[in-house]
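Subject: Structure for you to look at

Hello,

Please find the structure below. My notes on what was found in it come after.

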Amino acid sequence: MTMTDPSPVISAKGLDLTFQTKDSPVQALRDVNLDIGAGDFVSFIGPSGCGKTTFLRTIAALEQPTGGTITVNGMSPEAARKARAYGYVFQAAGLYPWRTIAGNISLPLEIMGFSKAERAERVEKTLALVDLEGFGGKYPWQLSGGMQQRASIARALAFDADILLMDEPFGALDEIVRDHLNEELLKLWARTGKTIGFVTHSIPEAVYLSTHIVVMSPRPGRITDVIKSPLPRERPLDIRDTPEFLEIAHRVREGLRAGHAYD
Amino acid sequence: MRIVCAKDCARGMLMIRNVFPVLTVVAVIFGIWYLACVPMNIKTALTEAERAGATVSTPGARERRDMSAIGLALANPAQWRDTFALKKPRLPAPHQVAVELWQTTVEKKITSKRSLVFHGWITLSATLLGFAMGTVGGILLAVGIVHSRAMDMSVMPWAIASQTIPVLAIAPMIIVVFNSIGVQGLIPKAIISAYLSFFPVVVGMVKGLRSPSAMQLDQMRTWGASKSQSFWTLRLPSSVPYLFTSLKVGIAASLLGAIVGELPTGAIRGLGARLLTGSYYGQTIQIWSALFATAILAAGLVAVIAGIERVTLKRMGYGK
């Protein structure tokens, strides 16, 4: 992958991950090499079973690689977790129904041992960051699905990690809400300058959001193409109708098709 | 105004629609019950009627002994009324049970040995103590099972085995063992009661503490949460709905345990004792009223738990 930063934030070299199942071992990742620079927005796209989520989970030390190396901020993923290097957003908002929105955002801060005053301050700050000011006292069921997912992003941002890992965060939302949240996410990324790893099924979503699109292919899970986007960092929604956009989307589609050619 | 009325009327209609089937079922049950009283009690009624000088279809209690009760009932319609008013009927009529219940709860002083409130409290105190012990024990066991593989493998089979032993068989032994070390009265009964109520709590809490999804547990890991942090902030709150379901089963089991604990020792106080003395002296009305008192008490206890459940879950943001 093209590097803007001489020292990548996330670096994978010859990464292998094989799951032992009952009948036969499954190669979820094979020989994955990837560098992600500071401030990049990297999307992982590919069909089910291509290892995109597994790769994201490996960065977050939720899976252990069986070969190769991976570093996050120059450390092992476990050490990076202890250093609060990343926030992780899952596909479902996963807010606790018995906590208010503020209470939910405050939860990781409580676990990490922030003081009460600092928790309150950070909750306010992150609520503003995701445009949910004034909703801190509400319970999750009082919010729409899109607002809940924004709250879950706020929760991942609350402890100020430099890296944001997102596993199909908008997959369960409808198209209109998804468009809106994509726009919001780009604004948030511009404001905070975070490095974002983003797993998605959607080609337009990947092209619209990313500086780099990593195309992956299944059996074994591997990277088939890394596309550097020529689009400017500032992207209005109607950029999706420009020839540049359509050209990148076409290239992603071709890449996905090539990965599937044998089956 | 009209809208308000329409709403109220609709609510009224809904209530009638809900109450009607319930009342129908109750009426059918009472009808069958009264009907059953006639053949069940006809022989006693005929004997008493004969003693009072009436003529009946087949004179002589001995002659009637092996005859069909239904046949006798059909042949002696004059004695039907008597079958609902016997002092020691085989099957007391509903109103007899109701009158006995009224007399032994409302009309008797609660300090009286014949007050069902007095006996009910004796049983209730053992029930509540046993329920508390069973609940605390059940929760502690569940926490152990969820957090320790060794306990998961070893405790659950014993817990299941414990419930396959008939409580009627083990209750006398518990009473005798405790009696021999000088513990009597409330504690042994509460232990039998706890023995029955801990099991649903263990099963429910194990399921509840394991109810957080893999995603929620992964989320905790990404925050570097310790086992105890995950327990207090995720597992325990997640288990609350499961706990209440178990508590409703557990409290009814507790009451059953307390009553069974009163039976084998010939206890003289408690609802179990009322059942026992009733059967010694053929006081069927007393037995039936004690049975109904037990059922009403159990329903009340379950309703109290259900009320606490509703309020708690609402405050926790569930059920929306």
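The largest pocket has a volume of about 410 Å³. For the terms: on a 1 Å grid over the protein atoms alone, a pocket is an open set of points with protein on both sides within 12 Å along at least five of seven lines, while a cavity is a set of points where a 1.4 Å probe fits but cannot get out; lining residues have an atom within 4 Å of a point. Grid points are joined across faces, edges and corners, and a volume is the space filled by probe spheres set on the points.

This is a predicted model, in which local features need pLDDT of at least 70 and side-chain atom pairs count only at pLDDT 80 or more, while totals for chains, interfaces and linings use all residues. Residues are numbered from 1 along each chain as its sequence is written, chains are lettered from A and ligands numbered from 1 in the order in which they are written, and side-chain values use heavy atoms, with hydrogens and water left out.

Back to the pocket. Its lining has 19 residues, and E100(B), R114(B), R274(B), Q283(B) and Q286(B) lie nearest the centre. At least two lining residues come from each of α5 (94-107), α12 (271-280) and α13 (284-315) of chain B. The largest share, 4 residues, is that of α5(B). Helices (H or I, at least four residues) and strands (E, at least two) are DSSP runs, numbered from the N terminus. By class, the pocket lining has 5 nonpolar, 7 polar and 7 charged residues. Here Ala, Val, Leu, Ile, Met, Phe, Trp, Tyr, Cys and Pro count as nonpolar, Asp, Glu, Lys and Arg as charged, and the others, Gly among them, as polar.

Next, the cavities. The structure holds 2 of 30 Å³ or more. The largest cavity has a volume of about 100 Å³. Among the residues that line the largest cavity are L129(A), R150(A), F170(A), E184(A) and R191(A). Two or more residues of this lining come from each of α5 (145-157) and α6 (175-192) of chain A, and α6(A) gives the most, with 5 residues. The lining divides into 7 nonpolar, no polar and 3 charged residues.

The second largest cavity has a volume of about 50 Å³. Its lining includes Y88(A), F90(A) and S152(A), as well as Q219(B) and W223(B). In chain A, β5 (86-89) and α5 each supply at least two of the lining residues, and α5(A) gives the most, with 3 residues. By class this lining has 7 nonpolar, 2 polar and 1 charged residues.

Now the interface. How many residues of chain A are in contact with chain B? The count is 23 residues of chain A, in contact with 20 residues of chain B, where contact means heavy atoms within 4.5 Å. The area buried between the two chains is about 2000 Å², of which carbon and sulfur atoms give 64%. Buried area is the accessible area (1.4 Å probe) that two parts lose on being put together, summed over both.

Across this interface there is 1 salt bridge, a term for a side-chain nitrogen of Lys or Arg within 4 Å of a carboxyl oxygen of Asp or Glu. The side chains that meet are those of D218(B) and R57(A) (2.7 Å, N to O). On the side of chain A that touches chain B, β5 and α3 (101-112) of chain A give two or more residues each. The largest share of that side, 5 residues, comes from α3(A). Its residues divide into 17 nonpolar, 1 polar and 5 charged.

Over all chains, the salt bridge count comes to 16. One salt bridge joins the side chains of E118(A) and R122(A) (3.2 Å, N to O). Both residues lie in helix α4 (residues 116-129) of chain A, 4 residues apart, about one turn of the helix. Side chains of opposite charge can pair when their charged atoms come close.

Last, two backbone details in chain A. The peptide bond from R219(A) to P220(A) is cis, with omega near -10 degrees. P220(A) lies in the loop between β8 (212-217) and β9 (222-228). D160(A) has a phi near 60 degrees, a positive value in a residue other than glycine. D160(A) is found in the loop between α5 and β6 (163-167) of chain A. Most residues other than glycine have a negative phi, and most peptide bonds are trans.

Regards
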